[in-house]
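Hi,

Here is the structure I said I would pass on. Have a look at it first, and then read on for my notes.

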Amino acid sequence: MATVAVAPVTPLALDADAATAVYAVSGDAIIKSEAGAQHASVDITRHLFEVAGVDQSDAFTDATNMAILACSAAELLGAGERLLTDTVAYVSQRKQYGRIIGSYQALKHQLADVRIALDFARPLIQGASLTIEGPTASRDVSAAKLAANEAAYLASRVGLQLHGAIGYTREFDLGLWINRVRALTAAWGDSNYHQARIATALLEAS
């Protein structure tokens with residue numbers, strides 16, 4: 001297993017302590033490096049490490065786009081789907097005042113909003129994967145990442161609201177998935193980074 005650090009989108013390498021090879025992107029070169037100090041992540045399953053030699057780089061755009069899509073956007077979509085599935089299952093059996101809470105129209109509307117957000121994000125991710133080496137790749141990938149960020153965040157927010165305080169307990173995996181979403185929305189560029197990337201691409205095309 002190999003891992004890499006690429007500034008500014010991912011200056012820390014994931015699981016560098018367990019990787020057989022650790023790389024850093026410096027300028028227009030990829031150099032072999034090693035794991036440094038560990039940094040805490042909001043997601044306790046993610047182990048992040050400093051890597052010597054990492055420098056700002058705009059090289060290897062195709063590879064970076066692929067990483068953004070596969071290591072963040074697509075995973076966010078999957079996490080959002082899991083959060084929605086778990087939340088639907090919970091509200092379908094949880095009773096309050098003698099009534100299944102999932103029968104309330106207001107809750108159905110919230111879950112429907114999550115379903116729509118995830119369904120809008122999916123074709124953007126699939127479409128970006130088809131143009132990954134094309135002239136609009138960076139714009140398409142950033143649009144997919146933004147949509148995945150928003151959909152997964154909505155799924156986590158609604159999931160926690162409908163579960164209530166039990167969503168924080170160790171008996172439920174909800175907290176693990178929420179923290180995974182929180183970590184991945186910032187991984188490989190946060191929303192501000194990708195909004196700027198889209199704006200730049202649109203200006204260059206106009």
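**Starting at Trp-188**

Trp-188 lies in the loop between H4 and helix H5 (191-205). Keep in mind as you go through this that the model is predicted.

Is Trp-188 buried or exposed? Trp-188 counts as buried, because its relative accessibility is 10% and the cut-off for buried is under 20%. Its backbone is worth a look too: phi of Trp-188 is positive, at about 55°, although the residue is not a glycine. Most residues other than glycine have a negative phi.

**The cores**

Trp-188 also turns up in the largest nonpolar core. That core has 40 residues, and Trp-188 is one of those that touch the most other members, along with Leu-69, Val-91, Val-114 and Ile-125. Which elements give two or more residues to this core? They are helix H1 (61-91), helix H2 (105-130), helix H3 (137-163) and helix H4 (174-186). H1 gives the most, with 11 residues.

Leaving out neighbours within four places in sequence, Val-114 is in contact with Leu-84, Leu-154, Ala-155 and Val-158.

The largest pocket has a volume of about 500 Å³. It is lined by 28 residues, and here is Trp-188 again: the closest to the pocket's centre are Thr-10, Leu-14, Arg-46, Leu-48 and Trp-188. S1, S2, H1 and H4 each give two or more residues to the lining, and the largest share, five residues, comes from H4. By class, the lining of this pocket divides into 18 nonpolar, five polar and five charged residues.

The second largest pocket holds about 320 Å³ of space. Of its 13 lining residues, Tyr-168, Thr-169, Gly-175, Leu-176 and Asn-179 are the closest to the centre. H4 gives the largest share of this lining as well, with five residues. Here the classes come out as six nonpolar, four polar and three charged.

**The sheet**

There is an open sheet of three strands, in the order S2-S6-S5, and the pairing is antiparallel. Which are the edge strands? S2 and strand S5 (35-39) are, because each pairs on one side only. S5 pairs with strand S6 (residues 48-51) over three bridges, in the antiparallel sense. To find your way in, look at His-39, whose bridge partner in S6 is Leu-48. Leu-48 is also among the residues closest to the centre of the largest pocket.

Going from Ala-7 to Pro-8, the peptide bond is cis, with omega near 5°. Most peptide bonds are trans. You will find Pro-8 in the loop between strand S1 (2-5) and strand S2 (13-14).

Tyr-97 is another residue other than glycine with a positive phi, near 55°. Tyr-97 sits in the loop between strand S7 (95-96) and strand S8 (99-100). Is Tyr-97 buried or exposed? Tyr-97 is exposed, because its relative accessible area is 79% and exposed means over 50%.

Arg-197 is in helix H5. Its relative accessible area is 14%, so Arg-197 is buried. What does Arg-197 touch, not counting residues up to four places away in sequence? The list is Thr-61, Asn-65, Ile-68, Ser-138, Val-141 and Ser-142.

Asp-62 is in helix H1. At 41% relative accessibility, Asp-62 counts as partly exposed. Leaving out residues up to four places away in sequence, Asp-62 touches Ile-132 and Glu-133. Asp-62 and Glu-133 are 71 residues apart along the chain, yet their C-alpha atoms are separated by 6.0 Å.

That is what I have for now. Write back with any questions.

Cheers

Terms used: Residues are numbered from 1 along each chain as its sequence is written. This is a predicted model: local features need pLDDT of at least 70, side-chain atom pairs count only at pLDDT 80 or more; totals for chains, interfaces and linings use all residues. Side-chain values use heavy atoms; hydrogens and water are left out. A nonpolar core is a set of buried Ala, Val, Leu, Ile, Met, Phe, Trp, Tyr and Cys residues joined through side-chain atoms within 4.5 Å. Buried means under 20% relative accessible area, exposed over 50%, partly exposed in between (1.4 Å probe, protein chains only). Helices (H or I, at least four residues) and strands (E, at least two) are DSSP runs, numbered from the N terminus. Contact means heavy atoms within 4.5 Å. On a 1 Å grid over the protein atoms alone, a cavity is a set of points where a 1.4 Å probe fits but cannot get out, and a pocket is an open set with protein on both sides within 12 Å along at least five of seven lines; lining residues have an atom within 4 Å of a point. Grid points are joined across faces, edges and corners, and a volume is the space filled by probe spheres set on the points. Ala, Val, Leu, Ile, Met, Phe, Trp, Tyr, Cys and Pro count as nonpolar, Asp, Glu, Lys and Arg as charged, and the others, Gly among them, as polar. Two strands pair if DSSP finds at least two bridges between them.
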